[in-house]
Amino acid sequence: APVLSVGAPANAEEGSPVALSATATDGNGDSLLFDWDLTGGSSFTTVGANAGFTPDDGPADHTVRARVRDGHSAQVTASRIISIENVAPVLEATLSATRLALSAVDPSSADQAAGFDFTIDVGADGSAVQHAAGQSAEVQLDPPAGTTPVRVTATDKDGGVSQAVTL
C-alpha cells in the first residue's frame, strides 16, 4: 500500500487561497493517483497531487482529505484540519458637513451579506456613541462635522473590528 503525506497549513485566513499538496511512495513502484475531498464530505472530486481552496468564513475548522490509489486495490487517505481565522472588515467613511457615509468590505461573503455594526463616536472620546447597521449606512451628525472629531469602526458578525477611522 502507498504511504501518503499531506502538506497543508495549520491556519489560514478567510478569503485567502490555501494551497495543498500530497506526496506518496509505493513499495511496488506502482503509478499513483491522487484526489481530494476539499469540503469535509465524503466525495473526492478534485484530482491531482496539488489542490487548493479559498475558505469563505472564519472562525471555523475546515477538514480536507487526500487519497492516493495505486491502481490496484490499495488506497490510503489522510486528513488535515485547517483553522480558518476571521479577518476584520475594511471601513470606508466619508464625511460632509452634517452627513457621515459608511461602508465596509470583508473577504468573507457570509460576513459581507450579514452586514456590519458601525460604531460612531462623535467627539472620539466615548461620550457620544451612535450605532448604525447594514452593509452601508448614512448618519446625520450633530454637532456638524469639523467642530469635533468623529471616530468610526465597523464590526463583522464574527466580532472582527476594522481599524478605527477618525475624521
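Strand β7, residues 60–69, pairs with β8 in the antiparallel sense, over 10 bridges. For the terms: helices (H or I, at least four residues) and strands (E, at least two) are DSSP runs, numbered from the N terminus, and two strands pair if DSSP finds at least two bridges between them. This is a predicted model, in which local features need pLDDT of at least 70 and side-chain atom pairs count only at pLDDT 80 or more, while totals for chains, interfaces and linings use all residues. Residues are numbered from 1 along each chain as its sequence is written, and side-chain values use heavy atoms, with hydrogens and water left out.

β8 has another partner to mention. Strand β2, residues 11–13, is joined to β8, residues 75–85, by 3 bridges, and these two strands run parallel. There, A12 has I84 as its bridge partner in β8.

Now the open sheet. It has 4 strands, in the order β12-β11-β14-β15, with antiparallel pairing. β12 (129–134) and β15 (165–166) are the edge strands, each pairing on one side only. Strand β11, residues 116–122, and strand β14, residues 150–155, pair over 6 bridges. V122 stands opposite V150 of β14.

Is D121 buried or exposed? With a relative accessible area of 7%, D121 is buried; the cut-offs are under 20% for buried, over 50% for exposed, and partly exposed in between, using a 1.4 Å probe and protein chains only. The D121 side chain reaches the backbone nitrogen of G126 at 2.9 Å. Setting aside neighbours within four places in sequence, D121 has contacts (heavy atoms within 4.5 Å) that include S127, V129, P149 and R151.

For contrast, take A19, in strand β3, residues 18–25. A19 counts as exposed, at 61% relative accessibility. Beyond residues up to four places away in sequence, A19 touches G7, A8, P9 and A51.

Next, charges. How many salt bridges does a search of the whole structure find? The count is 8, where a salt bridge is a side-chain nitrogen of Lys or Arg within 4 Å of a carboxyl oxygen of Asp or Glu. I will go through some of them.

In one of these, R67 and D35 meet through their side chains at 2.6 Å, N to O. R67 is in strand β7 and D35 in strand β4, residues 33–37, so this pair ties together parts 32 residues apart in sequence. Both R67 and D35 are buried.

Another joins R99 to E138, with the closest N and O atoms 3.3 Å apart. R99 lies in strand β10, residues 99–105, and E138 in strand β13, residues 136–140, so to speak of distant parts of the chain here is to speak of 39 residues. R99 is partly exposed at 37% relative accessibility, and E138 is exposed at 56%.

Then there is K157 with D111, where the closest N and O atoms are also given as 3.3 Å apart. K157 sits in the loop between β14 and β15 and D111 in helix α1, residues 109–114, so parts 46 residues apart in sequence are tied together. K157 is partly exposed at 42%, whereas D111 is buried at 0%. These two belong to a salt-bridge network of D57, D111, K157 and D158.

Last, the cores. In soluble globular proteins, nonpolar side chains tend to be buried together. A nonpolar core here is a set of buried Ala, Val, Leu, Ile, Met, Phe, Trp, Tyr and Cys residues joined through side-chain atoms within 4.5 Å. The largest one has 18 residues, and L4, L20, W36, L38, F53 and I82 have the most contacts inside it. Two or more residues each come from β1 (3–7), β3, β4, β6 (50–53), β7 and β8. β3 gives the largest share, 4 residues. L38, for one, is in contact with residues including L20, F53, H62 and V64. Apart from that core lies another, of 16 residues, with L100, F116, V150 and A154 among them.

Methods. A polar contact is a pair of N or O atoms within 3.5 Å; within protein, one must be able to donate a hydrogen and the other to accept it, and residues adjacent in sequence count only if both atoms are side-chain atoms.
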